[in-house]
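Let's walk through this fold together, one neighbourhood at a time.

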Amino acid sequence: MDATFFFDPACPWTWRTSRWLVAVAEARGLDIEWRAFSLAILNEGRIAPEYADAMTASGRALRLVEALRAEGRHDDAGRFYTELGTRTHDAGNPISDKIVAAAVEAAGLAEAAPALDDERWDRAVHESHALSYASAGPDIGSPVLMVPGAERGIHGPIVTEVPGTDDALTIWDSLLPLLRLTTFHEVKRGRR
């Protein structure tokens, strides 16, 4: 894999970053490994009641992502996330069990749908989350990006909107050497 992208499908910032990475992958012929990062795990015991249903739906989706990853079905996981993000973030809807089911169907993954409700995949979700957090943490959230040859991953990059292909490639080409420098730590702007 040329990049590993750890994500929580409930996060709109993560969605924009994923679309940036997909544009880069298409332009450069990169392979993306899609992995679970769980905001529910990160915020365990601190989830407001109004977000509980979204966190449950997101957790179910992450089970499927890890089940697909275990079979080496990275493109299927990416297609599922695209269908999910289109129905949530692009359409302005919170993630829900109904939307997760529609995304599974649209991605042509009905045979893999049992993983959504298979609690045995929770361990893989926890392990993926722990890997990403150990790589880029502490004090991070979704997404986390890891690339070969880099000692650590990073939280982000966070983009306010999905850049066009030229800008997407500029971000990638600037970020890649920084990621591989052990002395590089952080670049950040405050959100407006």
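Buried here means under 20% relative accessible area, exposed means over 50%, and partly exposed covers what lies in between, with a 1.4 Å probe and protein chains only. Because 5 of the 5 residues of S2 are buried, the strand is largely enclosed by the rest of the structure. Strands (E, at least two residues) and helices (H or I, at least four) are DSSP runs, numbered from the N terminus.

A word on the source before going further: this is a predicted model, in which local features need pLDDT of at least 70 and side-chain atom pairs count only at pLDDT 80 or more, while totals for chains, interfaces and linings use all residues. Residues are numbered from 1 along each chain as its sequence is written, and side-chain values use heavy atoms, with hydrogens and water left out.

Now step back to the sheet. It is an open sheet of 4 strands in the order S2-S1-S3-S4, with mixed pairing. S2 (32-36) and S4 stand at the edges with a single partner strand each, so one side of each is left without a neighbour in the sheet. Two strands pair if DSSP finds at least two bridges between them. Strands of a sheet pair through backbone hydrogen bonds, either parallel or antiparallel. Both kinds can be found here: S1 and S2 run parallel and are joined by 5 bridges, whereas S1 (residues 3-7) and S3 run antiparallel and are joined by 3 bridges. To find these pairings on screen, look for Phe5 opposite Trp34 in S2, and for Phe6 with its bridge partner Val144 in S3.

Which helices lie on this sheet? H3 packs on the sheet and touches S1 and S2, its direction making about 135 degrees with that of S2. H7 lies across S1, S3 and S4, running at about 75 degrees to S3. Contact means heavy atoms within 4.5 Å. Axes are lines fitted to C-alpha atoms, for helices over the stretch in contact, and angles run from 0 to 180 degrees between N-to-C directions.

H3 (residues 52-70) also has helical neighbours. With H5 it packs at an angle of about 25 degrees, the axes being 8 Å apart. The two are therefore roughly parallel to each other (angles under 35 degrees count as roughly parallel, over 145 as roughly antiparallel, 65 to 115 as roughly perpendicular and the rest as oblique). On the H3 side, Ala57, Arg60, Ala61 and Leu64 meet Asp97, Val100 and Val104 of H5. By class, this contact of H3 with H5 has 5 nonpolar, no polar and 2 charged residues. For these classes, Ala, Val, Leu, Ile, Met, Phe, Trp, Tyr, Cys and Pro count as nonpolar, Asp, Glu, Lys and Arg as charged, and the others, Gly among them, as polar.

H6 meets H3 at another angle: about 85 degrees, with the axes 9 Å apart. H3 and H6 are therefore roughly perpendicular to each other. Leu62, Arg63 and Glu66 in H3 meet Asp122, Ala124, Val125 and Ser128 in H6. That contact of H3 with H6 has 3 nonpolar, 1 polar and 3 charged residues.

Two helix residues make handy landmarks. Lys98 is found in H5 (residues 97-106) and is exposed, with a relative accessible area of 72%. His74, in helix H4 (residues 74-90), counts as buried at 14% relative accessibility. Leaving aside residues up to four places away in sequence, His74 touches Met1, Ile32, Glu33, Trp34 and Arg69.

Finally, the backbone. Most residues other than glycine have a negative phi, and most peptide bonds are trans. In the loop between H6 and S3, Asp139 has a positive phi, near 60 degrees, and is exposed at 73% relative accessible area. Pro143 is placed in the loop between H6 (122-136) and S3 (144-146), and a cis peptide bond with omega of about 5 degrees joins Ser142 to Pro143. The bond from Gly156 to Pro157 is also cis, with omega near 0 degrees; Pro157 sits in the loop between S4 (154-155) and H7 (165-180).
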